[in-house]
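Here are my notes on the model you sent over. Have it open in your viewer while you go through them.

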Amino acid sequence: MRPWAATMPEPTTTANDGPFLIDIKEIRRRAREHIERGAVTPEYKSNRVEVVRVLNEALATEIVCVLRYKRHQYMAAGINAIPVAAEFAQHAAEEQGHADMIAARITQLDGEPDFNPEGLLTRAHSEYKEGKTLVEMIEEDLIAERIAIDTYSEIIRYLGNNDSTSRLMMEKILSMEEEHAEDMKTLLEKVGKDQHVRGSRN
C-alpha cells in the first residue's frame, strides 16, 4: 500500500452519483406545448425578459466597440500606423462576431436584438472615446476592454446555471476581450516606447 493511500478520504456520495433518470414521456408532452417559443422550454430557469435586456446591453457594448475600433483603424497615423491599424481592424471584426453571437442568442430566447442607433451609448457599458493621438486611441480601446471584462464577468455570475448557454457564450466572449486587452497593453507599451525614443532624438 502506498503511504498516502490510508490518509486519502473516501469519495463522498452526492445526488449526482445515482442513475440518470428522466421522464421522457413528460418531456415529449411539454415539448409540444408553446412550440412557437422555439428554444425556450419550461426547463429554462432564468428570467428570460431580464436576460434579453442584459444581452441587449452587451450587444450595444459590442456595437460601440466595433465603431470605435473602425474609426481608430482609419484615423491611425504615424510610424506605427500600419501594424496598429491592422490590429484595430482585426479587433473590429472580432467584436462584430461577438455582436452577431449575442444577437443570435437573443432571438433564440424569443427576444429582439436592439440595433437601434438611438440610445446606443446609454445601453452600452463602454464609452465611445475617439482619442486624438495613436497612444490615446490605444488607451481608450484598452479602457473599453477593461470595462467589458468587468461587466461581462458580472453577467456570467448573474446567469450562473440558470442559463448555461448564454453563460458559455459570454465566457467565450470574455476570454476574447481579455486577449484584446492584452493586445492593447502590448501595443501601448510598444508605441509609447517608440514615441519616447523619437522624442529623445529630437
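1. Searching the whole structure turns up one cavity of 30 Å³ or more, and the largest cavity has a volume of about 40 Å³. For the term: on a 1 Å grid over the protein atoms alone, a cavity is a set of points where a 1.4 Å probe fits but cannot get out, and lining residues have an atom within 4 Å of a point. Grid points are joined across faces, edges and corners, and the volume is the space filled by probe spheres set on the points.

2. A word on what you're looking at. This is a predicted model, where local features need pLDDT of at least 70 and side-chain atom pairs count only at pLDDT 80 or more, while totals for chains, interfaces and linings use all residues. Residues are numbered from 1 along each chain as its sequence is written, and side-chain values use heavy atoms, with hydrogens and water left out.

3. Which residues line the largest cavity? They are Glu127, Lys129, Glu140, Ile143, Ala144 and Ile147. By class, that lining has three nonpolar, no polar and three charged residues. The classes work like this: Ala, Val, Leu, Ile, Met, Phe, Trp, Tyr, Cys and Pro are nonpolar, Asp, Glu, Lys and Arg are charged, and the others, Gly among them, are polar.

4. One of those lining residues, Ile147, is found in helix α5. Ile147 is partly exposed, at 25% relative accessible area; the cut-offs are under 20% for buried, over 50% for exposed, and partly exposed in between (1.4 Å probe, protein chains only). Not counting residues up to four places away in sequence, Ile147 touches His125 and Ser126, where contact means heavy atoms within 4.5 Å.

5. Thr61 sits in helix α2 (residues 48-75) and is buried, with a relative accessible area of 1%. Beyond residues up to four places away in sequence, Thr61 touches Ala124, His125, Ser126 and Tyr152.

6. Zooming out, the chain has six helices and zero strands, so along the sequence the pattern reads α-α-α-α-α-α, given that helices (H or I, at least four residues) and strands (E, at least two) are DSSP runs numbered from the N terminus. Buried residues make up 36% of the 202 residues. Of the contacts between residues at least 6 apart in sequence, 81% join residues at least 24 apart. The chain exposes about 12,900 Å², with carbon and sulfur atoms supplying 54% of it; this area comes from the Shrake-Rupley method with a 1.4 Å probe.

7. Two helices can be checked against their expected span, which is 1.5 Å times one less than the number of residues. Helix α5 (residues 134-159) has 26 residues and reaches 37 Å from first C-alpha to last, close to the expected 38 Å. Helix α3 (residues 81-108) has 28 residues and reaches 40 Å, close to the expected 40 Å.

8. Most residues other than glycine have a negative phi. Asp110 lies in the loop between α3 and α4 (120-123) and is partly exposed, with a relative accessible area of 44%.

9. Leaving aside neighbours within four places in sequence, His98 is in contact with Glu62, Ile173, Met176, Glu177 and His180. Arg105 also lies in helix α3 and is buried, at 9%. Arg105 and Val52 are 53 residues apart in sequence and 8.7 Å apart in space, C-alpha to C-alpha.

10. Last stop, helix α6 (residues 164-201), which holds Met169. Met169 counts as buried at 10% relative accessibility. Apart from neighbours within four places in sequence, Met169 is in contact with Leu55, Met101, Ile102 and Arg105. The C-alpha atoms of Met169 and Met101 are separated by 7.7 Å, and the two are 68 residues apart along the chain.

Terms used
1 Å grid on protein atoms, 1.4 Å probe; cavity = no way out; pocket = protein on both sides within 12 Å on 5 of 7 lines; lining within 4 Å.
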